[in-house]
Amino acid sequence: MAVLAPQAQKRKVNNQVQKASDRLRTMVKQRERSKNGSLRDPFQHFSEKKTSFNSSQLFEGLKLLNIELSADKVNILFEMMDRNGDGKVTYNEFKVFMGA
């Protein structure tokens, strides 16, 4: 089941974004297992401040993971994570997106 922020519900989440979302979740879950069940390390891959990340940080982090999406599609993925629509994804929002 996909977790969608209200803004993302208005846009159609296409197949490419859904596949990227699924791939990201799989990679994060694998990393979580290697870190004894903590999502903090995978979260910090995207977060320079270690408290939140924005869409450009998500874009760069995805590129480092070889998940190539256009900026528009990264924005859709970001909106899926940014539950309150404030322009940043916190650790708690990241956990919800990952299904934790």
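Tyr91 has a relative accessible area of 17%, so the residue counts as buried. The cut-off for buried is under 20%. The structure shown above is a predicted model, and every value in this report was computed from it.

How many aromatic pairs does the structure contain? Rings count as a pair if their centres lie within 6.5 Å, and by this rule there are 6 aromatic pairs. Tyr91 and Phe43 form an aromatic pair, with 5.4 Å from centre to centre and 75 degrees between the planes. This pair is edge-to-face. Phe43 belongs to helix α3 (residues 40-46) and Tyr91 to helix α6 (residues 91-98), so the pair ties together parts that lie 48 residues apart in sequence. Phe43 has a relative accessibility of 0% and therefore counts as buried.

Phe46 and Phe94 are another pair, with ring centres 6.3 Å apart. Why is this pair described as tilted? The planes of the two rings stand at 55 degrees, so the pair is tilted: the tilted class lies between under 30 degrees for stacked and over 60 for edge-to-face. The pair links distant parts of the chain, since Phe46 is in helix α3 and Phe94 is in helix α6, 48 residues apart. Both residues are buried: Phe46 has a relative accessibility of 3%, and Phe94 has 0%.

Ring pairs join Phe43, Phe46, Phe53, Tyr91 and Phe94 into a cluster. Phe53, a member of this cluster, is found in strand β1 (residues 52-53). The relative accessibility of Phe53 is 1%, so this residue counts as buried.

## Arginines and rings

Two arginines lie over aromatic rings. The charged end of Arg40 sits over the ring of Tyr91, 3.7 Å from the ring centre. Arg25 lies over the face of Phe97, and here the distance to the ring centre is 3.9 Å.

Arg25 is part of helix α2 (residues 15-34). The side chain of Arg25 makes a polar contact of 2.7 Å with the side chain of Ser21. A polar atom of the Arg25 side chain also lies 2.8 Å from the backbone oxygen of Phe97.

## Overall layout

The protein has 6 helices and 2 strands. Along the sequence they follow the pattern α-α-α-β-α-α-β-α. Of its 100 residues, 37% count as buried.

Which helices pack against α5? One is helix α4 (residues 55-64), which packs against helix α5 (residues 71-81) at an angle of about 115 degrees, with the axes 9 Å apart. The two helices are therefore roughly perpendicular to each other. The crossing of α4 and α5 is right-handed. Another is α2: its axis comes within 10 Å of the axis of α5, and the two cross at roughly 55 degrees. That angle makes α2 oblique to α5. The crossing of α2 and α5 is also right-handed.

Most residues other than glycine have a negative phi. Asn36 sits in the loop between α2 and α3. With a relative accessible area of 76%, Asn36 is exposed.

Asn66 likewise has a positive phi of about 60 degrees without being a glycine. Asn66 is placed in the loop between α4 and α5, the two helices whose crossing is right-handed. The relative accessible area of Asn66 is 56%, so Asn66 is exposed; the cut-off for exposed is over 50%.

How values were computed
Residues numbered from 1 in each chain as written. Predicted model: local features only at pLDDT ≥ 70, side-chain atom pairs only at ≥ 80, totals over all residues. Heavy atoms only, no water. Helix = DSSP H or I, 4+ residues; strand = E, 2+ residues; numbered from the N terminus. Polar contact = N/O pair within 3.5 Å; in protein donor to acceptor, adjacent residues only side chain to side chain. Buried < 20%, exposed > 50% of the residue type's maximum accessible area, 1.4 Å probe, protein only. Lys NZ or Arg CZ within 6 Å of the ring centre and 35° of its normal. Axes fitted to C-alpha atoms, helices over the stretch in contact; angles between N-to-C directions. Parallel < 35°, antiparallel > 145°, perpendicular 65-115°, else oblique. Left-handed = near helix turned anticlockwise from the far one by under 90°.
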